[in-house]
Structure formats: structure tokens, C-alpha cells
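Thanks, everyone, for making time this morning. I would like to walk through one model with you, starting from a single loop residue and then moving on to a sheet and the ligand shell.

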Amino acid sequence: MPDRKSYHMTPGEFRRHGRAVVDWIADYQERVEALPVLSRVKPGEVRAQLPPHPPEHGEPFERMMEDVERVLLPGLTHWQSPNFFAYFPANASGPAILGELLSAGLGAQGMLWATGPACTELETRVMDWLVELMGLPAKFRSDGPGGGVIQDSASSAALCALLAARERATGFAVNARGGDGRLTAYASTQTHSSVLKGVRVAGIGDRNFRAVETDDACALRPNLLREAVRRDRAEGKVPFFVCATVGTTSSNGMDPLGPIAAICREEGLWLHVDGAMAGTAAVCPEFRRFLDGLDGADSYCFNPHKWMFTNFDCDCFWVADRAVLIRTLSILPEYLKNKATESGAVIDYRDWHIPLGRRFRALKLWFVLRHYGVQGLRHHVREHVRLAQDFAGWVRASEDFELAADPPLNLVCFRHRGGDDCNRALLERLNDSGRLFLTHTVLGGKFTLRLCVGQTHTEERHVEAAWTAIRAAAR
Ligand SMILES: Cc1ncc(COP(=O)(O)O)c(C=O)c1O
């Protein structure tokens, strides 16, 4: 007799629990505003409430959801609260969450075209849509030599750019025999730490990374970049890679892409542009000026998982020449060979990033684009920028506070005039209140508060309440 015993969740149970989970998420969306934004748990407090040993016997689903509510929820900082103004947002939306659920439900693997033709072809189409929607250079479209791929993160995108750049610069010699320690990479002092991490992972070495100084607007100074490249060349180094940032993490500084691209062209360097958060602004034509010069870049990425209503993870990465990226990363073992790949007529996205397996991420992005449409995306991005600019106006008009930098988009860097200790105390008091969550940076040597408007449901009343709370806490 075959053993028919099964512990699996039946489709009927799945239907019932699934509805309960969707209801729970909808309730969460309605009540998240009232929860303390920054979690108040102490280190170890969540773990102490979880049993030290795994359950011997399966438990009812309801009990798991009770623990989500009782144990996990207080241990979460609520990134989806409209009062979340910290770091850069990692926003989400109904269509994205449902796309994610569907992706898990389908459980498809799109590593090869053959293992999920729709995963691949939808992704290609969506990435081409974004080129059009955001006014990106046509060379990133997949119908020429370029193309786009969805990565998990901007960190991975930077790593892939570094690897492809490394191979282009050395005629694929590092792949073949390892590096000789002469390659040098460049970015500004304000560049995200993921680029230095990529430099390490790609085997370039910290000592071969040059952090170029910035100007008063926290933007890379092209003349210093040129000097650094020439100095390195004179010393026998091999400059190969520059990362420019559109919207630095500290202050939304905008590196001047045109002059940087010109240097890269003259010197034969790969230019990668990181638009992790601010890149989303390009859905609005009036904010595209920050991307002037992007047509001189070899690669570009931005994160819909920051500001484009698409839950983590989802990074869009484009290259001008996909052949270099593919040749850098492609290894074709026997067990992956198939007719479609051999025909050369399909994209196998496994060759466009580090992992082999890949989730169906394009689904949630497609849902977002179809749900909001171009108009909807523009509306909400414009609203966020307007709210941040209103906030900046209130700071400008106040006697007690000052702007630390002119906010180009949706991030306002400001401080109380009372000095570093006063701002530190203010930040702590505000975050302890649970009513909002802000983070800080240091600009011009001074402790600076950051307020970033980008959570999906942040409205005027939330930004007004934040300003009221900030002034009250300062008093
Ligand atoms: C400018 C910039 N680049 C890269 C990153 C890294 O993003 P990810 O978490 O997608 O690797 C961030 C994260 O905040 C960022 O602000």
C-alpha cells in the first residue's frame, strides 16, 4: 500500500488561510499609522519570546498568525507607516504585494528562457517600458545591443557593473587568470558603501578605490576625478571604473553626469550610474535634468523598491552593451544546455547577474505599472516632492531651524541652530515618541537631520504633523 499520509496544506486550507492573511495585511495597512514607527524592543527581546527548539508537531496556522501579532509586530520598525521619514523609503503598494504573492504562488524559476519563457519575456518588456517611461537613453533598450534586467539590489547591480567593467578593461583576462592589483575604481566620498563592497567582492581591493572629494552640493568634482585618474595612470595603475550617483544617500547630492561621462569617454573608463532612490523621479519629465549626460553611461540602475511602490526586492539595471556583461558572467554547464539557448534567439537572465535561480520579480513591477499607469506614478512622485519642498519652505522660514542643503527632490536635510548635541537629543526624543522616524547624517561636519518623503501613504497631514512634532520636541 502506498503511504498516503501527508502534512501538506491542502488547497482548501490554503484558500482559507490565504484570505485571512490578505485580510490581515489590509488591516495592517489601515492601522500602521497608529503604531510606533521605530520598534521599541530591546536586543534579544524577540528571540526570548520564541521557543528555543523547533516544533516537533505541526501547529495550526491561526497560532502562527497570533505570534506574528503578539511577538513579531512589536519587534518591527514600520517602513510602511506614513510617518516613516528615515533613510530612503522602501515603499510598497497593493498591486506590488499581490504580484509578489502571485510570484510565490507560481513558484517559477526564470534562470533560463526555457525554464520560464514568460518570466523572461515579461521582464524584457517591462524593462523596455521603463526606458520609455523614464526618458532613459534608447541604447538601454533590449532591441539594440543593450538591455535591462531586474536584480535584487543596487548593491548587486554595482557589483555586476564592476565585473563587466573589469573584464572589458582587461580583455577578459581577470576571469581567466585573476587580477594583478593594478585596476583602480573611482566614486565620490558620498557614494553608497555598496560600491566599495563591490570593489572588494570583485577583487579590486580597498587600496585601489579612490573616493573623490565633492563640492558644496555634495556632488563629485569632475576635475578631481580627472586628476586622480591621470595620477594613477602615471603610477602604472589601470583606471577602469567610475560610479556616479544620482541622489546620494546622505543628502541626495547629484553628481554631474555630463562632465563625468566626458572624462570616462576620454580615458576609456566604464561609467556606472547609481540612481537608487532618486532615479524614480524620472517618471516626471520635469525632474529628468539630473539624468542629463546618462547617455554617456555604460550602465545605470535605480530601485523601484525604494520609491516606486514596489516592495523589496527590485532593482532595475541596464547596460549599453549586454554582450560584455554576458561574456563576463556566463558559464554554461551541460545540465543547463537547451535548444533555445543554443539558438541564440533568447535571453537567459542567469547570465546577467550573480545567482543562477531567479524569482519572477517582473510580475510585481508589471502590476505596479499597470495599476498606477504613467499618470498615477507621476501624480504620487510629484506629491512627495511637493510635500518635501513644502517642508523645506517651513524650515527656511523658521528662526530655530536651517536647511543643511537645498533639497533637489524629496529629501530634506536640516538642523536646529542649537548645535550637534541639541540635534542629537532632538532626534532621539522624536524617534522615542513613536510618532515618526527620522535618521541623521553629517554634512559640513555638522550633525544633520534627514526627512525623506517617499512612503506610499504619506500625505500632507503627516508632513505637517512631523513639522509640529519637531518644533514641539525642540521646545
Ligand atoms: C544611493 C544608494 N545606492 C545604493 C544603495 C543600496 O541599495 P540596495 O539595498 O538596493 O543594495 C542605497 C541604499 O540606500 C543607496 O541609497
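Let me begin with G110, which is found in the loop between α4 (94-106) and α5 (117-133), where helices (H or I, at least four residues) and strands (E, at least two) are DSSP runs numbered from the N terminus. Please keep in mind that this is a predicted model, in which local features need pLDDT of at least 70, side-chain atom pairs count only at pLDDT 80 or more, and totals for chains, interfaces and linings use all residues. Residues are numbered from 1 along each chain as its sequence is written.

Is G110 buried or exposed? G110 counts as buried because it has 27 C-beta neighbours inside 10 Å, the cut-offs being 20 or more other C-beta atoms within 10 Å for buried, 12 or fewer for exposed and partly exposed in between, with C-beta atoms placed from the backbone. Leaving aside residues up to four places away in sequence, G110 touches T115, G116, C119, T120, Y349, R358 and F360, contact meaning that the C-beta atoms, placed from the backbone, lie within 7 Å.

Turning to the sheet, 4 strands form an open, antiparallel arrangement in the order β8-β9-β11-β10, two strands being paired if DSSP finds at least two bridges between them. The edge strands, β8 (401-403) and β10 (439-443), each pair on one side only. Within this sheet, β9 (residues 411-416) and β11 (residues 446-452) pair over 4 bridges, and V412 stands opposite L451 in β11.

Finally, 14 residues surround the ligand, the closest being S153, S155, H192, T249 and A276, where near means a C-beta atom, placed from the backbone, within 6 Å.

Terms used:
Contact = placed C-beta atoms within 7 Å.
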